[in-house]
Amino acid sequence: MTVVATDDAPRDPGGGSRRTAARSGGLSADSARPAHRGDVPPLGPGAPALAFDVGGTAVKAALVDGEGRLVELLRVPTPHAGAETGEAVVELVAREARGFATRHPEVVPQVAGLLVPGQVDEEAGVGVFAENLGWRDFRFRKRAAEALGVPVSFSHDVRAAGEAERRLGAAAAYRDVVVVAIGTGIAAAIFVDGRLYAGGGLAGELGHSRVADGPVCACGGVGCLEAVASASAIARRYRALTGQEVPGAREVLALAEGGDRAAREVWDSALDALALGLSHTVALLAPEAVVLGGGLAQAGPALFGPLASKLDAILTFHRRPVLLPALIGEDAGVIGAALRARDLLAEAAS
């Protein structure tokens, strides 16, 4: 048996469309711009909602109307203010909500969804720790509800993105599936028999499993998958090896495909580390499929084909999962935030 990899382009099963805006909240067009223009399936009828997905470098903000259409989806830089980053994020969320209200007065949100990275206590509504952003034990749900004036659903960014893929995207056909996001960090949403497993907020931290003898990770560990194979790590490792500045992993891949030996070494070692990390997941959970999203998944055949071969070479008697690109792609987090926000109202009404 072999691992099957597919890199089909994302499809829109619902035929949905959306509008984007180049400006928001008084920021310049250089700092606030339309988010990735991938295909996003409509969410269906429900409460109008705000949705915010906080990442290491950017925050995606969306307004969803009562028919489940994305009225506007945009991207703004994530504020970095050390220990005050949590409060700065809440201020940004409130500012973008005011911008939506000004531009779309016909859509009045009844609820909001907020996602953040790092360790998250969803029950308490607390961002416990995010090594790349600086907060500790910040009460996001409480502060965001105060700032927005509506109930707020608070979740982990990757778990919510995984739910979007599970309900509307590439993972919809599977009950045992792992949705992995590879961007600034690496983490996963785990579904067992169709249900999300959160492990008290700690499940799915694939990026902090050890796969090598180095380098040192931001979490304090050594040889973490995230320190070797995340998109940011690939660029960082190439710079350390060559002294040459590169914007990101995409450029490292282009250099590798152009014959740059250092870039090829960094890219191949990243795929080796990803295959090893995924092999641990396969051995433990035996998923039917692994869905890969995040910035690195945009590499397409350059990622999926070699990764499938490397994973297959490690596995023996194990179930071979299908490797799939995320269908909703880069917008899965903000879609998941909107879905969870609507769920919050539905649960309150039941």
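Analyst: The turns below cover strand pairing and then backbone geometry. This is a predicted model, in which local features need pLDDT of at least 70, side-chain atom pairs count only at pLDDT 80 or more, and totals for chains, interfaces and linings use all residues. Residues are numbered from 1 along each chain as its sequence is written, and side-chain values use heavy atoms, with hydrogens and water left out.

User: Which strands pair with strand 11, and in which sense?

Analyst: Strands (E, at least two residues) and helices (H or I, at least four) are DSSP runs, numbered from the N terminus. Two strands pair if DSSP finds at least two bridges between them. Strand 11 (residues 177–182) pairs with strand 12 (residues 186–192) in the antiparallel sense over six bridges, and a hairpin of three residues joins the two. Valine 177 has phenylalanine 191 as its bridge partner there. With strand 14 (residues 289–293), strand 11 pairs in the parallel sense over five bridges; valine 180 stands opposite leucine 292.

User: How many residues of strand 11 are buried?

Analyst: Buried means under 20% relative accessible area, exposed over 50%, and partly exposed in between (1.4 Å probe, protein chains only). Five of the six residues in strand 11 are buried.

User: Where does the backbone have a positive phi or a cis peptide bond?

Analyst: Most residues other than glycine have a negative phi, and most peptide bonds are trans. Aspartate 193 has phi near 55° and is partly exposed, at 47%. Alanine 286, with phi near 50°, lies in the loop between helix 7 (261–285) and strand 14. A cis peptide bond joins glycine 214 and proline 215, with omega about 0°.
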